[in-house]
Amino acid sequence: MLVLALDTATPASTAALVEVTSDALHGVAERRTVDPRAHGEKLAPEIEATLAEAGVRPGDLGAIVAGLGPGPFTGLRVGLVTAAGMGQALGIPTYGVCSLDGLGRAAGPGRVLVATDARRREVYFATYLDGVRVVGPDVARPGDVAAAIVRAGTPARSRARNSAATDAAALAESETLEAATSLVGVDAARVAAALARAEAADLIGQATARDDGVDLTGRESARPAAGVHDLVDRAVGEGALKYGDQFGVPVEEHLLYPPGAALVALAADRIRTKAPSEALTPLYLRRPDAVEPAGRKPVLT
């Protein structure tokens with residue numbers, strides 16, 4: 001089956017043709033133009049050129065895969081509207097994948113930071129382990145990425161430990177109160193219970209105080225804050241290249257934009273099983289700049 005992949009979540013507009021078989025993927029053709037202001041003008045000619053290079057027509061396509069972002073509003077919409085329109089006109093399914101996941105999969109083994117330019121001196125980012133997303137996607141200033149990665153990676157584990165510690169502490173307090181009451185009376189029991197609560201709070205604090213350098217209890221961490229170089233081994237994406245001096249890890253400059261074949265690979269299972277077409281919902285991580293007017297403006301002078 002021939003599958004068209006489209007992505008306009010970055011300054012690049014990409015159109016790629018990939019053949020999906022029962023057990024493999026084969027890249028057929030790909031065109032890419034890097035111009036953050038020309039997605040609307042460049043994408044359609046790229047699609048036409050890609051299909052022409054492979055000697056196929058739109059009617060030969062079996063599915064379309066589109067990068068959902070995150071990305072700037074206007075450019076991202078171009079790719080999604082084009083994919084949705086073609087899918088409807090051709091009567092073929094459309095599937096969406098996170099654009100950062102395409103870069104993460106193409107990056108291969110190891111701990112990888114994917115960062116694309118979000119403008120406003122920020123990046124869209126996610127981290128990957130052997131091509132599988134671990135943290136993100138999110139948006140932050142380059143200098144805040146390390147802290148955001150650590151925060152995102154710790155609460156689930158800490159909450160689990162906190163729950164277990166809380167249960168154990170409640171049981172310990174209850175048992176202490178019951179034992180003290182039976183032995184020395186209610187007043188002494190209150191004192192014993194207060195001591196038990198203090199001990200329980202300490203236990204809970206120890207269970208959740210620090211995880212990968214994050215202090216979840218409000219206490220100051222004894223370990224210095226982690227940097228990006230402590231969390232990943234390398235980085236990909238044009239955001240990583242632009243802010244590489246702040247990340248402090250090697251940047252693979254050959255992998256700046258989501259490859260079409262990687263996007264299709266992420267949707268391969270859905271394609272092979274002929275899953276129902278999906279609504280292509282853009283992944284926005286910031287609220288739009290436009291706001292509803294607060295009140296009516298006077299028009300008479």
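Mentor: This is a predicted model, in which local features need pLDDT of at least 70, side-chain atom pairs count only at pLDDT 80 or more, and totals for chains, interfaces and linings use all residues. Residues are numbered from 1 along each chain as its sequence is written, and side-chain values use heavy atoms, with hydrogens and water left out.

Trainee: Is Y284 buried, partly exposed or exposed?

Mentor: Buried means under 20% relative accessible area, exposed over 50%, and partly exposed in between (1.4 Å probe, protein chains only). The relative accessible area of Y284 is 30%, so this residue is partly exposed.

Trainee: What kind of aromatic pair do F73 and Y284 form?

Mentor: Rings of Phe, Tyr and Trp (its six-membered ring) pair if their centres lie within 6.5 Å; planes under 30 degrees apart count as stacked, over 60 as edge-to-face and the rest as tilted. For F73 and Y284 the values are 5.4 Å centre to centre and 25° between the planes, and the pair is stacked.

Trainee: How many residues apart in sequence are the parts that this pair ties together?

Mentor: F73 lies in helix 2 (residues 73-90), and Y284 in the segment after helix 11 (268-272). Helices are DSSP runs (H or I, at least four residues), numbered from the N terminus. The pair therefore ties together parts that are 211 residues apart.

Trainee: Which residue does R133 meet in a salt bridge?

Mentor: A salt bridge is a side-chain nitrogen of Lys or Arg within 4 Å of a carboxyl oxygen of Asp or Glu. At 2.8 Å, N to O, the partner of R133 is D101.

Technical notes. Helix = DSSP H or I, 4+ residues; strand = E, 2+ residues; numbered from the N terminus.
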